[in-house]
Amino acid sequence: MAENEKKPLMKKRDLFIVAALLLVAVAGMAAVKFLSPNTATGSAKIYVGSYVYKEVSLGEDQVIEIDQGNDIVNHVEIKDGAIYMSDSTCPDQQCVGQGEISMDNYEQRVLRNWIVCLPNQVTVELTLEDEG
Amino acid sequence: MKRRFLGALLAVVLFSSLTACGSTEVRPIVSPTPALKSQVGFYFDTVVTMQVYTDDETLLADAQAECQRYDNLLSKTAEGSDVWNINHAEGQRVPVSDETREILDKALDYSRRSDGIFDITVEPCVALWDFTGEGMGLLPDEAALSQAAAKVDWTQVDVNEEGVLLPAGMTIDLGAIAKGYITDRIADFLRARGVESGFLNFGGNVLTIGRKPDGSEWNIGIQDPLGTRDQSIVGAAKVSDQAVVTSGIYERGFDLDGVRYHHILDTASGWPVQNELAGVSVIAGDAFDADALSTTVFAMGVEKGTAFIESLSGIDAIFVTRDDVVTWTSGLNDRFVLADQVS
């Protein structure tokens, strides 16, 4: 009788462990899904004319040089999840004045998720979601 | 009993974890929202950005080709364009495309309604100013400018089925409206190809197609014409299926001896309009109206401009004075929020 009573108890404990492990696994998957750098900080496309020159993640601080020759050079910088035109050889410097874009501020910008250097035809687009 | 209960619990946990992952992976099937696609291009001496929700892979490339077609048709500087032909006809009638005729009809209608404050024949004056290039900072010769202003007269533009007739010496400039017209035509093109949600920015002319895919309205930052940085806003307006266009003294212009010389010219004198305004943003059902009205209402000033906008249905405006006073028309009372109240 005593042995008969113990067996189901062990099984119950096993089931609790399995359930707990499953919960941890599900929580882990959710964490990976929601905290991955792409959704948390976003990504951006840098265009020259109408063509995508480079796609970058905002999760990694870096400086991207866009050199089109003939002294037409722009530098795009990513810092702390924000992207901006740090310098440009264009005459009007409006692109540098357009400041930084991040997922937090783009709705409060006139150009929303874009930075435009009209003379050098270099644009930066903060990617708003996965694009096909 | 207990074992069965645990088995059921385990099944629920397993099932919910599967569906939790599944719902994100198969979203395109569950939700009918097409993917966001974007494109940038350079036309009409400005930048054009398009962001639309569509599954049509070639749509934005085709829309760009349309932009190029309109650019060829309406450019003032491209030899052989309709506008170039009109300006070089020396008093002869020239045949034009249906699109050009439509723009001219609409432009003359605005001239009529604004008593000539809006006038496409202001081109001879525009030609004497340089607000962007090498000649920036130089004032035109006063005698030449008053001679040019004397030629400005929209009533002399004769548009009929055979084409356009302009007296010799007169020229037209569609700068204040061509961009708006093209924005509308591209939006029509995108809608005809099934786009129900999108955001276009044609060199500052913003046009929204429908609402955002989640059903909410678009929140559009209204440019601060006094802003020290180009991206500062005076506030934000909620719009859907509407265009927003801003005209102001800081877009194109220069300062000289404490005076701001800018690109919105008084059609009577040829000199830049000098009133209390720094800028006006107009919200209208299409970009042509918003484009034409922003220029017109700017020239009218706050008081007359506000009354003019209030007399039109479905159109609103936000005025920013040089003293940084922001006012808006009644239709925006529950749609416009000042910048310091924007979260």
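1. Two strands pair if DSSP finds at least two bridges between them. Helices (H or I, at least four residues) and strands (E, at least two) are DSSP runs, numbered from the N terminus. In chain B, strand 7 and strand 8 (residues 233-239) are joined by six bridges and run antiparallel. Across this pairing, B:Gly221 stands opposite B:Ala236 in strand 8 of chain B.

2. Some conventions first. This is a predicted model, in which local features need pLDDT of at least 70 and side-chain atom pairs count only at pLDDT 80 or more, while totals for chains, interfaces and linings use all residues. Residues are numbered from 1 along each chain as its sequence is written, and chains are lettered from A and ligands numbered from 1 in the order in which they are written.

3. A residue is buried if 20 or more other C-beta atoms lie within 10 Å of its own, exposed if 12 or fewer, and partly exposed in between, with C-beta atoms placed from the backbone. Strand 7 (residues 218-223) of chain B is largely enclosed by the rest of the structure, because five of its six residues are buried.

4. Chain B has 343 residues, of which 40% are buried. Its secondary structure comprises 10 helices and 15 strands. Contacts here are pairs of residues whose C-beta atoms, placed from the backbone, lie within 7 Å. Of the contacts in chain B between residues at least 6 apart in sequence, 61% join residues at least 24 apart.

5. Chain B also holds an open sheet of eight strands, in the order 1-2-5-6-9-12-13-14, with antiparallel pairing. Axes are lines fitted to C-alpha atoms, for helices over the stretch in contact, and angles run from 0 to 180 degrees between N-to-C directions.

6. Within this sheet, six bridges link strand 12 (residues 277-284) and strand 13 (residues 316-321) of chain B in the antiparallel sense. B:Val282 has B:Ala317 of strand 13 as its bridge partner. Helix 9 (residues 287-300) of chain B packs on the sheet, touching strand 6 (205-209), strand 9 (243-248), strand 12 and strand 13, and its direction makes about 155 degrees with that of strand 12.

7. Chain A has three helices and seven strands, arranged along the sequence as α-α-β-β-β-β-β-α-β-β. Buried residues account for 26% of its 132 residues.

Technical notes:
Contact = placed C-beta atoms within 7 Å.
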